[in-house]
Amino acid sequence: MADGTIAPRTGRPLSDRLDLRLIAEMVEPRSRVLDIGCGDGALLEILLHEKEVDGRGIEIDMGEVARAVAQGLSVIHGDADTDLAFYPDGAFDTVILSRTLQATERPREVLAQMLRIGRRAIVSFPNFGYWTVRLALLTTGRMPRTSALDRAWYDTPNIHFCTISDFFDLCAMDGYVVERWLGVDDEGQRTPWRRNRRLANLFAEQGLFLLSRR
Amino acid sequence: MHPSRSAPTDWIVQKIADPPGGLDTTTTHQHETFAEGLVLDCGTVLRPLDVAYRTYGRLNDVRSNAILLCHALTGDQYAAETHPVTGKPGWWDTLVGPGKPIDTDRFFVICANVLGGCMGSTGPRSEMTDAEGHPQGRPWGTLFPAVTIRDMVRAQAMLVERLGITKLFAVIGGSMGGMQVLAWAALYPERVFSAIPIATAAWHSAQNIAFNEIGRQAINADPEFHGGEYWRHGTIPARGLAVARMTAHITYLSEEALTRKFGRRLRTGPMLTFDNDLFEVESYLQHQGSTFVQRFDANSYLTITRAMDFFDIAAEHEGALGAAFRASPVRFCVISFTSDWLFPTAMSRELVRALNAAAANVSFVEITSDKGHDAFLLDEPVLFRTVSGFLKGAAERWR
């Protein structure tokens with residue numbers, strides 16, 4: 001939060017990352033939440049503090065997991081590609097995948113699992129249709145490097161890029177209801193063209209989607 | 001035989017000057033006696049039942065700050081104080097004490113000697129009784145009934161109840177202690193608020209059973225074992241028990257840890273002989289073996305290793321591990337270590353997946369360490385932070 005609110009539980013400041021604030025707004029109070037790729041638990045901390053959720057996390061980086069658990073958060077070391085299969089149907093109200101979809105081995109399967117174990121899914125991802133990405137590829141002929149995509153092609157964890165339009169197509173194909181969606185700029189602010197898919201596909205650096213099962 | 005070659009186990013005879021005296025039967029351990037006894041999984045009634053235990057810290061007025069520690073195969077109730085027999089610091093002195101991760105300024109910490117043990121709880125060295133509790137004038141010895149991890153937990157539950165505690169804030173233990181933690185959560189989900197099973201598994205693997213069997217065979221092969229009635233002859237099967245301990249000790253360490261500690265260093269100059277005690281690692285293992293036989297009873301070792309081998313929570317629930325924890329209200333924190341090959345991370349991960357399938361609240365940390373299975377007893381800062389952070393988070397949600 002921009003005003004630097006301190007979490008009373010841990011005494012550390014709540015994250016001021018705007019994309020996390022936007023996700024938190026979509027979560028119902030006192031619901032059951034799973035945050036996949038939760039890092040050190042910054043989003044879980046916000047959700048526990050402001051929404052009083054029953055929050056769990058999965059994180060692949062061991063150091064981050066240890067930090068999260070040492071903060072008293074319920075986080076397991078695990079992998080979105082393999083570990084979601086072990087949760088029962090409908091175990092959560094909301095399953096969150098923030099800026100991680102493009103790094104999964106099988107993003108379509110991960111989405112299907114999210115909407116199996118959760119009633120709703122919140123997904124955010126870097127938009128490969130963003131105009132600076134397009135321009136960089138067009139003018140340099142090389143893989144684009146932006147603030148959201150800042151690693152060289154040979155050592156990036158991001159292996160499955162998509163655009164906002166691509167993501168709409170996948171949701172239609174697999175029968176997910178897009179309850180809400182937002183184009184988000186590089187500061188994590190809502191972009192003014194959020195009502196127009198084609199403009200968002202060009203001007204939003206990230207896409208943020210709230211999905212549910214049909 | 002090469003002239004310089006000595007019999008392989010001479011060292012143990014030299015080091016144990018006073019074999020039976022090493023096993024201290026005169027120390028009285030703090031304990032509770034349960035005249036009604038305990039019906040074991042095997043059907044035998046142990047009557048009366050003694051549970052030896054130690055406590056640290058103070059139970060608060062609402063009795064909400066009790067933590068039960070469960071010890072491993074060769075541990076005992078002296079978790080956080082100088083051991084009365086060995087004079088060494090408690091086995092979890094690193095983790096338990098004032099201001100430590102399990103803070104005895106805050107928590108009332110209980111640790112009981114397991115059923116079948118040899119530090120004051122009813123075990124093979126206790127006087128044998130019949131089903132009515134009449135003393136038979138001899139120790140149980142090898143006639144002591146087979147006990148299970150669940151039996152151990154039931155005995156602990158009787159102690160906890162007698163101490164006036166209806167719900168434990170946490171049950172914590174590593175290795176076989178972790179098995180007891182899982183058995184607690186499965187048997188008494190309403191009496192456990194949070195559980196920290198460390199470096200453990202929901203069942204004993206074939207490999208672990210195999211290592212235990214080597215230890216048991218070594219004890220059986222010792223002529224001083226006398227079919228388990230060594231107490232009649234005033235001896236102890238020190239060689240067999242020491243070999244059992246040496247074998248087990250290797251499984252508690254990692255290759256990196258052994259290399260780091262000893263490498264290929266020799267105790268004397270580089271000469272080609274068959275003397276045992278030549279490499280430093282040999283000397284270390286022999287020391288481990290010889291100190292162990294002075295404090296541990298061979299029949300207890302047989303009884304407790306068997307209890308571990310029997311342990312299989314999934315089998316108790318028609319093969320479905322998740323069924324043991326269905327809708328469990330317990331908060332779990334599962335911890336494993338990267339270099340632990342006795343209870344490898346894969347076993348913990350399987351447990352975590354089953355807990356997830358049961359929709360239980362679970363945290364899981366695999367800690368990077370090159371110290372092997374023993375890491376849970378050693379100075380591991382990430383372990384300390386994880387345990388204290390998890391307890392802190394649990395305390396905020398206590399109900």
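Start by selecting Q288(B), which counts as buried because its relative accessibility is 15% (buried means under 20% relative accessible area, exposed over 50%, partly exposed in between, with a 1.4 Å probe and protein chains only). This is a predicted model, in which local features need pLDDT of at least 70 and side-chain atom pairs count only at pLDDT 80 or more, while totals for chains, interfaces and linings use all residues. Residues are numbered from 1 along each chain as its sequence is written, chains are lettered from A and ligands numbered from 1 in the order in which they are written, and side-chain values use heavy atoms, with hydrogens and water left out.

Q288(B) sits in helix α9 (residues 280-293) of chain B; helices (H or I, at least four residues) and strands (E, at least two) are DSSP runs, numbered from the N terminus. Show its surroundings: leaving aside residues up to four places away in sequence, Q288(B) touches R245(B) and H249(B), where contact means heavy atoms within 4.5 Å.

**The A–B contact**

Next, display both sides of the contact, with 22 residues from chain A and 24 residues from chain B. The two chains bury about 1800 Å² between them, 49% of it on carbon and sulfur atoms (buried area is the accessible area, 1.4 Å probe, that two parts lose on being put together, summed over both).

Which side chains meet in a salt bridge here? Select R353(B) and D83(A), 2.8 Å from N to O; the count between chain A and chain B is one salt bridge, defined as a side-chain nitrogen of Lys or Arg within 4 Å of a carboxyl oxygen of Asp or Glu.

On chain A, colour β2 (54-59), α3 (62-70), β3 (74-77) and α4 (80-83), each of which supplies at least two residues of the side that touches chain B. The largest share of that side, five residues, comes from α3(A).

**Within α3(A)**

R67(A) is partly exposed at 47% relative accessibility, and E64(A) is partly exposed at 23%.

**A salt-bridge network in chain B**

Now select D41(B), R150(B), D151(B), R154(B) and E316(B), which are linked in a network of salt bridges. R154(B) forms a salt bridge with D41(B), with the closest N and O atoms 3.0 Å apart. R154(B) lies in helix α3 (residues 149-162) of chain B and D41(B) in the loop between β2 (38-39) and β3 (45-46) of chain B, so the pair ties together parts that are 113 residues apart in sequence. D41(B) is partly exposed at 34% relative accessibility.

R154(B) also forms a salt bridge with D151(B), at 3.2 Å between the closest N and O atoms. D151(B), at 0% relative accessibility, is buried.

**Aromatic pairs**

Finish with the rings. The structure holds 25 aromatic pairs over all chains; rings of Phe, Tyr and Trp (its six-membered ring) pair if their centres lie within 6.5 Å, with planes under 30 degrees apart counted as stacked, over 60 as edge-to-face and the rest as tilted. W153(A) and Y154(A) are edge-to-face, 5.5 Å centre to centre with 80 degrees between the planes, and both are exposed. F225(B) and Y230(B) are tilted, at 5.9 Å and 35 degrees, and both are buried.
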